[in-house]
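Subject: Model for your review

Hello,

Here is the structure I said I would pass on. My notes follow it.

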Amino acid sequence: MVRGRQPQGEQRGGNGTTGEAERTHQGGRPRDTAIDEAIIRATRERLVRDGYSRMTIGDIVADAKVTRPTLYRRWKNKFDLVMDALDYGFRKQRETYTVDLSELSPRDALVEAVRRLDPAYFNPDAMVLMGNFAGEALRTPELLEILRERGVEPRVALVEEVLKQLQERHAVNADIDTRTIAMMCFGSYFAAFYSGEPKEELPESVVAVLWPAIATAPRGRSGTGTGRSK
């Protein structure tokens, strides 16, 4: 059957929300990324305020000022939407990186990597968001696994990768446990959050403790060394 001409943009209904003309899109017209982002942002806000169980699709579409069909054409269900909402946060965080770590001194590169570990680097409410996911572990255990895969692992892997690069530069010892060090650094943010300690100087403070133990010795000296590698 021959269809009529596809609409060129999102039509709006009289109430100002996205109109149902979008239904005619069958893959030929690119999705409106502004609508995608509005839904994702509304989802993230609801996850912080209500948690996964109490959050409803009705609340999300109302907050995003779209219709249910508009949302369901993009995501099959609430679970899939939440997975993308988590990815969105880390992706937006990475877009803010302006410093090339390879251009920094080894110690400064590690400080910056630890800074990027901060769950609240992009989203100030990230600690609450993570707590809500952990609180759903009994009701919806899949959420905790999503948090691990999409909220924790990418950050920990970033620090691991920096440490491995520093090993290649012979700036840190070749036998260090990069995974354990990265996990310890990540955990420091949760310790600061729950104890009410400020986090602004946390990356520098953490590296100040770690660096003497992991840095290679300056040339001409034996042992692990306590000086800064250049």
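In H4, Phe-79, Val-82, Met-83, Leu-86, Asp-87, Phe-90, Gln-93 and Arg-94 are in contact (heavy atoms within 4.5 Å) with Glu-142, Leu-143, Ile-146, Leu-147, Arg-150, Pro-154, Arg-155 and Leu-158 in H7. Sorted by class, this contact of H4 with H7 holds 10 nonpolar, one polar and five charged residues.

The model is predicted: local features need pLDDT of at least 70 and side-chain atom pairs count only at pLDDT 80 or more, while totals for chains, interfaces and linings use all residues. Residues are numbered from 1 along each chain as its sequence is written, and side-chain values use heavy atoms, with hydrogens and water left out.

H4 covers residues 78–95 and H7 residues 141–168; they pack at an angle of about 15°, with their axes 10 Å apart. Helices here are DSSP runs (H or I, at least four residues), numbered from the N terminus. The two helices H4 and H7 are therefore roughly parallel (angles under 35 degrees). Their crossing, H4 with H7, is right-handed.

Most residues other than glycine have a negative phi. Lys-65, not a glycine, has a positive phi of about 60°. Lys-65 sits in the loop between H2 (57–64) and H3 (68–72), and counts as exposed at 54% relative accessibility (exposed means over 50% relative accessible area, with a 1.4 Å probe and protein chains only). His-170 likewise has a positive phi, near 60°. This residue, His-170, is in the loop between H7 and H8 (178–195) and is exposed, with a relative accessible area of 65%.

Regards

Technical notes
Axes are lines fitted to C-alpha atoms, for helices over the stretch in contact, and angles run from 0 to 180 degrees between N-to-C directions. Angles under 35 degrees count as roughly parallel, over 145 as roughly antiparallel, 65 to 115 as roughly perpendicular and the rest as oblique. A crossing is left-handed if the near helix is turned anticlockwise from the far one by less than a right angle, and right-handed if clockwise. Ala, Val, Leu, Ile, Met, Phe, Trp, Tyr, Cys and Pro count as nonpolar, Asp, Glu, Lys and Arg as charged, and the others, Gly among them, as polar. Buried means under 20% relative accessible area, exposed over 50%, partly exposed in between (1.4 Å probe, protein chains only).
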